[in-house]
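Let's take a walk through this structure together, starting with its aromatic rings and moving on to its strands. Keep the view open so that you can find each residue as it comes up.

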Amino acid sequence: MKKVYLFFVTLSIGVLSVLSSGAQNLVTNGDLELWDDPNTPTSWAKAENITQEAVTIHGGTYSGKQLAGTYDLQQDVAGIVGGQTYTISYWFLDNDVDARSRIWSYWLTGTTTLADNAAELRPSVYSSDDPNWVEYTVTIQAPLGADGFRFEVRTYNTGAGGGFIYYDDFLVEQGGSVVTEILDAYAIDATSVDVLYNVDMVSVDPNDYFVTGTAYSTFSGATIDGTNPKLVHLTGANPAMTGDLTLDDVNDDNFSTSFTFYGGILPVSYTNTTNPGGVMDLVHKATFHGIISANDAFNNTWVADGSGTRNGVMIYDYDFDAVALEGDEVIFTAKYAPYQGLSELVTASLINNVSSGNSPYGPDVIAGSEIDETTAIDTDPAESWEGQLVTIENFYVESFDATNFEYRCSWSDGADATYYFNIGDNVVYQFGGLTINVGVTYDAVTGIVDWYNTTSHYRINPRSQNDFVGGEPPASLEIISVNGGIDPFENSNFEVVVQAQDQFGNAAVVGSDVNFTFVSNVGTSGVDFTVASTITGTIGTGLSEVTVTGVQMAPIGTGVVITVNDDATTLNSGVSAAFDVIEFAAPALIITEVMQNPATVLDGVGEYFEVFNTTASAINMNGYVVTDLGTESFTIATDVIVPAGGFAVFGNSADNLVNGDYTVDYEYGASFFLGNSDDEIVIYLPDGTTEVSRVEWDGGPVWPDPNGAAMVFTGTPTTEVNNGANWTTATLREPSYVGPTGDLGSPGTNGSDQNLVAGSSISVDLTVLLEGPYAGSGNMSNGLNTNGYIPLAQPFAPALPYYDMTLADDIVWYYSGSESVASIPTGVVDWVYVQLRDADAPVNATSATIIGEQAAFLLDDGTVVGLDGSSMLDFAVTVSQNLYAVVFHRNHLGIMSANALTDGGGGVYSYDFTSGETQVYGGSNGHKQLESGIWGMIAADGNGNGLIQNSDETAVWKVDLGASGYRGGDFEMTGLTQNTDETNYWKPNLGGGGQTPAKANLGYESQVPK
């Protein structure tokens, strides 16, 4: 079911108390008599689309006239004392059909908002048209810990445009009296009730409480909640409360207050229109206990408390689907609210998730005739199955309605009578991930029954492909993807996706395991699978495809094709599209220093060697293999990040007390020793065969033969490393050796005897925020990280974007750096991609001026860091004009510094993009104010083309809607693509475009340049 709730409700106004005379109004300029200018009332921090009004006033000379359209008038009021009582009031005039208003205020602790008193301060009702001024007033107790009050009113638009609300005489005064009242109550089980008051409770007595209704019950226990003092837990009801349609009242004799609700656990059957025992009302809350049958991962879940008719119902709630998954046994409260013929529970609140992994009730096998499309609304037998999990067997798919996303199916009773029912998409939105074949007979389909008002009939809604049995049988195996369409490297793992398809080329579910084997149809002679390659796989029962990992081919060649054969020879063979196997370009790491014979410490523990990264991107050496030409070797077993233009040191011992007092990036231990006279160091990629760098020293004829000093490489990054003529003996003990005496060398730095970086390395310290995950106060949430969704390898590779870009000129990410980690560091929000550009002015800092680039991590405080999760970014570059920094993110508009970065000392260039509008090239067009004084990158560029346009909704957000994981349509970056990603980010930002200069013929685009 697709629907939108619209509220047009009259605001209830009442005076709850009388203030003592002479109390102080804590609101500054509450009467709106003072104005900085005609659009700015003095001391009001937020005054959006408001003008000074001198004709329509409540008191004094002026009032405020605010244009409708979700605009705020806001002031943070100081001087609040937690636990004290305050009267809050203001006057408004709503005499306009195109406008409405409501209070939207919070208690504060510092700048942190408190959730207390939501019903009074943030009501769900709005103002209604009235020719007279109306006062909103309430007397409530400030929560403990409150020291301020955010007084805010909002004006909304209800028509095509225009409309005004007038405001005047805002008041916050200490004093007045609050009548203690029960605001809410609900059963926890048959003997327990939770009672919520409007004020903090100091003490409670179980003898003051009783329940009337079905029976008179008293309680043996009453306790105040340890976290929320307004909440009281009643236990030990005697007799136990009965879950029936007789309303119960929980009474508090001490304060003469009561609340009406459904006591005990109410059977789900009381939500079904045709239940012979009756239906619960639309006003009062009830408690239910059942097992979740289905979850659409958006706004609907379905729960049942038994098999058979009338025992299932839908829960409509945007939050409940995240806390109650299919198979969870849950206890929850909710109200009954049928919508367009569909029975629903709304305002659901989870009390207890009892257990998970349970089998839902049913499915009950029903005839297709029981939900025949001619069955009228709220009519049995179909209505009795609404909300329940059922199965229909032996049916034929007649047609597909692409407008309403329904399949019309026929079912026969075996006596020449044919009935028609429909398969709908209420659980799986627009059948994402489901394959249903028209013109095919299926053995069975399982799903939830609902009424769809748009087409006026009942439907069955499957939950996944596993809910279908049978259908058109698979006819062939097909290879639908090799390495995601990117040519694989030789001797390197890539993926092959194999799919079972029917005779029409549609994905087909296999009824039993299908085992298959790959065969290479050689393009260039000799290209074939390696010995280490995975060339077999299985499509499991009930599935239509599988991804085979660990496939390898060698040597290099063009026009290669892979064939997949069914081992049982039942299904026809399929072939892949032609591809090339290309040469692997090993990362440009070189060995630059070797301490093979220390003198002042033990020979073994003082040994080390150093590597240097000659590229502009960090390299992770996790998994690399280091050997000599004999029997010694070790495999790097953790992340070792070699910064761009930086070093990493590998040592026998990491103990500074014994190793000569230098810092080791990786301790290889006793598995590897360096010969004093001659030996070798050879570094390979994780495949164990692709060589990265090597040195073979000879003990004197060509190479240095030092004792108590390191051999150091004196060449440049392009000089041959494995040549002793390019090496010398270290002449100094550099500062990287911490102690003042001992062996000579420069482990981890560009020593005095070396010319590797020679003034060409800088560090960049950047601060940037993303709008999507922004949580306030300069911080972002890191839900993608805590849920384990962030990929271990940088996501800006040529294989992306995540969406179908079929034309050669379509925008793609073109960065091919090899950054990866074994685990994502704590505090990381996501990957970002950073460029440095060198130009005379920002307008000329196009993509043609890039001098350095690397993928990096963005922390939740906005700091951009290296792959270790803490260090600044290093670039092996030299700046000749002015340095500009560019930051890209996969679904936010890219930004460039409006001002040149300057050296703050020690080669560190710092820049804070967040501190003001003019920090980003393009100003407010280039980034967005997230809160006062804090700016961030603009969300909702889902396909990374530098523009926020309709395709970001249709081709990205809608594709990902309801799905969890690392999704481009998840603009808020919670790990779940949902309705708020569209409404809160895409819609407000639609039409925006990145301002980062690209190549001259491309205009301004935010994507990584081609």
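Two rings of Phe, Tyr or Trp (for Trp, the six-membered ring) count as a pair here if their centres lie within 6.5 Å; planes under 30 degrees apart make the pair stacked, over 60 edge-to-face, and the rest tilted. By this rule, 46 aromatic pairs turn up in what is, please keep in mind, a predicted model.

One of them is Phe634 with Tyr666, whose ring centres are 6.0 Å apart with 15° between the planes, which makes the pair stacked. Phe634 belongs to strand β48 (residues 633–635) and Tyr666 to strand β51 (residues 666–667), so this pair ties together parts that lie 32 residues apart in sequence. Are these two residues buried or exposed? Because buried means under 20% relative accessible area, Phe634 qualifies at 7%, and Tyr666 does as well at 12%.

Tyr666 has another ring partner, Phe650, and this pair is tilted, at 6.1 Å centre to centre and 55° between the planes. Here too distant parts of the chain are linked: Phe650 sits in strand β50 (residues 647–651) and Tyr666 in β51, 16 residues apart. Phe650, like Tyr666, is buried.

Elsewhere, ring pairs join up into a cluster, made of Trp44, Tyr86, Tyr90, Phe92, Trp107, Tyr136, Phe149, Phe151, Tyr167 and Phe170. Lys65 lies over the face of Phe164, at 4.2 Å from the ring centre, and Arg890 lies over the face of Tyr966, at 3.7 Å from the ring centre.

Now back to β50 and β51, this time as members of a sheet. Six strands form an open sheet of mixed pairing, and they run in the order β51-β50-β45-β44-β54-β55. Which strands are at the edges? They are β51 and β55 (727–729), each of which pairs on one side only. Strands of a sheet pair through backbone hydrogen bonds, in either the parallel or the antiparallel sense. Strand β45 (residues 608–613) and β50 are antiparallel, joined by five bridges.

With a relative accessible area of 6%, Trp727 is buried. What does Trp727 touch, leaving aside residues up to four places away in sequence? Its contacts are Ile591, Thr592, Glu593, Val594, Val695, Trp703, Pro704, Met711, Val712, Phe713, Thr714 and Val721. With Val721 there is a further detail: the side chain of Trp727 reaches the backbone oxygen of Val721 at 2.7 Å. For a sense of scale, the C-alpha atoms of Trp727 and Tyr262 are separated by 86 Å, and the two residues are 465 residues apart along the chain.

Next comes strand β41 (residues 557–566), which is mostly covered, as seven of its 10 residues are buried. Which strands does β41 pair with? Among its partners is strand β36 (residues 514–521), with which β41 pairs in the antiparallel sense over six bridges; Phe518 has Val564 in β41 as its bridge partner. Strand β43 (residues 579–581) also pairs with β41 in the antiparallel sense, over two bridges, and here Val560 finds its bridge partner in Phe579 of β43. Strand β42 (residues 574–575) is joined to β41 by two bridges, again antiparallel, with Val575 in β42 as the bridge partner of Thr563.

Burial is found in a loop, too. Asn437 lies in the loop between β30 (418–423) and β31 (441–452), and its 6% relative accessibility counts as buried. Beyond residues up to four places away in sequence, Asn437 touches Val397, Tyr442, Glu472, Asp502, Asn506 and Ala507.

Finally, a word on confidence. The protein chain averages a pLDDT of 88, and 93% of the residues score at least 70. Over residues 800–811, however, the pLDDT is below 50, although the model gives this stretch 29 contacts beyond near neighbours in sequence. Residues 999–1010 also stay under 50, and for them the model has 43 contacts beyond four places in sequence. Where pLDDT is low, the predicted coordinates should not be read in detail.

Terms used
Residues numbered from 1 in each chain as written. Predicted model: local features only at pLDDT ≥ 70, side-chain atom pairs only at ≥ 80, totals over all residues. Heavy atoms only, no water. Helix = DSSP H or I, 4+ residues; strand = E, 2+ residues; numbered from the N terminus. Buried < 20%, exposed > 50% of the residue type's maximum accessible area, 1.4 Å probe, protein only. Lys NZ or Arg CZ within 6 Å of the ring centre and 35° of its normal. pLDDT = per-residue confidence, 0-100. Contact = heavy atoms within 4.5 Å. Pairing = 2+ DSSP bridges. Polar contact = N/O pair within 3.5 Å; in protein donor to acceptor, adjacent residues only side chain to side chain.
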